[in-house]
Amino acid sequence: MGGARPYAVSLMEQQAEPAPCAADWFDRLPVTTVAIGALLPGDTPRRSGEDLRHVNLLAEISGELPPIVVHRPTMRVIDGMHRLRAAIRRGDQTIGVRFFDGSADEGFVYAVEANIKHGLPLSLADRQAAAERIMHTYPELSDRAVAARCGLSPKTVSAIRRRSRDSGLRVERRVGLDGRIRPLNTAQGRRAARDYIAGCPDAPLREVADNAGISFATARDVRERMRRGEDPVPERLRLVDTDHQAQHGKTVDAPRPDKNAILRQLSRDPSVRMNESGRLLIRWLASRAIDPADWAGIRAVIPAHCAPAVMQFAELCATSWQEFARELRRDIDRTT
């Protein structure tokens, strides 16, 4: 198997030691033999290009070279340019390939992870430049999450983030190394919880937490503060929130948890990933996910006279999923 959905599951799937996991996942994909003439150079994190001495060393290897990773939509090499150059030097006509169907941005992240894990190490300058680019593309990633992908310390990544003047790096929440989404400042989430509790005073705390984007413990603290007639936002958080507003002006809306983040979190759970039924669940969910970025392409191929039927089909699926979510919510409420 291979494709954008499975990779989306593993994009942020990290462990503290060792760091990148996406490369491990791709090592298990099937290998396809591809004509070398059909391949193109890709977007490499190596700013100086390939090392000719390393190419010559690889060219001396007898037998097949390890497979490379190629972006299927463009046939550009994501990981393995040294091996491709060596194969060309040896006069090989074909090379083993593992295909990658994700976006170009995801491909760059994978290229960095793969080059940190094996092969000729990236220079410090290359890793720092890669970290800055990944932060621009995925500003919601925490310093530790970026550091794990780039082979840097979290302190180094934090310094790079502080040096950046791009307002796009200012977000209200970060996705940590464990895949959990945490607010940089919980003041906004606490106020959202206050409003939700005011409208639904008997709502379960888990429901309050999910709707406000905060932890269960924070939701409980908000409710207790409201019962005591206190401000749901502690003074220290109010001060931080005021400083943040003064420094950045209008705050960036906190991003909602997305499908890929949820799939990543599930795929890291040992009770899911360590058995076949759990892995089947991940594949089942991933195959049924649809990204808004894909809508335009899908809509473009739907004949006009078929649009009403497809619309009805989508609405029925949405209704089924909502009912499924309600059943799960009832299961959750019975255990909390």
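View 1. Helix α11 is followed by Gly229, whose phi is positive, near 75°; helices (H or I, at least four residues) and strands (E, at least two) are DSSP runs numbered from the N terminus. The model is predicted: local features need pLDDT of at least 70 and side-chain atom pairs count only at pLDDT 80 or more, whereas totals for chains, interfaces and linings use all residues. Residues are numbered from 1 along each chain as its sequence is written, and side-chain values use heavy atoms, with hydrogens and water left out. Thr218, Ala219, Val222, Arg223 and Arg225 are the buried residues of α11 (buried means under 20% relative accessible area, with a 1.4 Å probe and protein chains only). Down the axis of α11 these residues fall within an arc of 160°, so they line one face of the helix; the arc is that of the directions from the helix axis to the C-beta atoms. They pack against α9 (187–199) and α10 (205–212), where contact means heavy atoms within 4.5 Å.

**View 2. Strand β4 and its partners.** Of the 7 residues of β4 (residues 94–100), 6 are buried, so the strand is largely enclosed by the rest of the structure. Strand β1 (residues 32–35) runs antiparallel to β4, joined by 4 bridges, and Val34 stands opposite Ile95. Strand β2 (residues 68–71) is parallel to β4, also through 4 bridges, with His71 partnered by Phe100. Strands pair if DSSP finds at least two bridges between them.

**View 3. Surroundings of Leu39.** Leu39 lies in the loop between β1 and α3 (52–59) and is buried at 8% relative accessibility. Beyond its neighbours within four places in sequence, its contacts include Val34, Ile95 and Val97.

Terms used. Buried < 20%, exposed > 50% of the residue type's maximum accessible area, 1.4 Å probe, protein only.
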